[in-house]
Amino acid sequence: MRTFVMLTGIVALACGVAQANIVSNYGISIQSCVVNQNGSSVTNGINVVYTNTHAAAANEVDFLIGYRGHRYVLRDTGTFTQGAQINHNLTNALVGFGWTGPTPNRCTVKKVVLSDGNVLGE
């Protein structure tokens, strides 16, 4: 019984490591966040799928990514209207580092700049 409990704990811990800590903030709802691989063994930014819940369009969304013990900020700019699903590959950071799988330790919204002039976060 003791061995079973220990193995169950190890499996639960391993499963927890495989899941990203995705945190939606500042009116941005993140559906997925995946670390891209460039075809070899290095990173090539992230793919993030998200929606803006604000009535005002978002012009900038900054994502804070935790991966392999480091923190990266990736910025997405454009005009992201309320309810539109955005699916972008961001490569302004987290490029050329050792790739250890598609799942970041953390993926959260750090800052949002809205078209009405409001800045949320940071």
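Modeller: Happy to! A word on terms: buried means under 20% relative accessible area, exposed means over 50%, and partly exposed lies in between (1.4 Å probe, protein chains only). This is a predicted model, in which local features need pLDDT of at least 70, side-chain atom pairs count only at pLDDT 80 or more, and totals for chains, interfaces and linings use all residues. Residues are numbered from 1 along each chain as its sequence is written, and side-chain values use heavy atoms, with hydrogens and water left out.

Let us start with the backbone. Most residues other than glycine have a negative phi. Arg68, however, has a positive phi near 55°. Arg68 sits in the loop between β4 (58-67) and β5 (70-80); strands are DSSP runs of E, at least two residues long, numbered from the N terminus. With 47% relative accessibility, Arg68 is partly exposed. Leu94 also has a positive phi, near 60°, but Leu94 lies in strand β6 (residues 85-98) and is buried, at 1% relative accessible area.

Now the core, meaning a set of buried Ala, Val, Leu, Ile, Met, Phe, Trp, Tyr and Cys residues joined through side-chain atoms within 4.5 Å. The largest one has 24 residues, and Ile46, Tyr50, Phe63 and Ile65 touch the most other members. β2 (28-37), β3 (42-52), β4, β5, β6 and β7 (106-114) each supply at least two residues, with β4 giving the most, 5. Leaving aside residues up to four places away in sequence, Ile65 touches several residues, among them Cys33, Ile46, Tyr72 and Leu94, where contact means heavy atoms within 4.5 Å.

Definitions and conventions: Helices (H or I, at least four residues) and strands (E, at least two) are DSSP runs, numbered from the N terminus.
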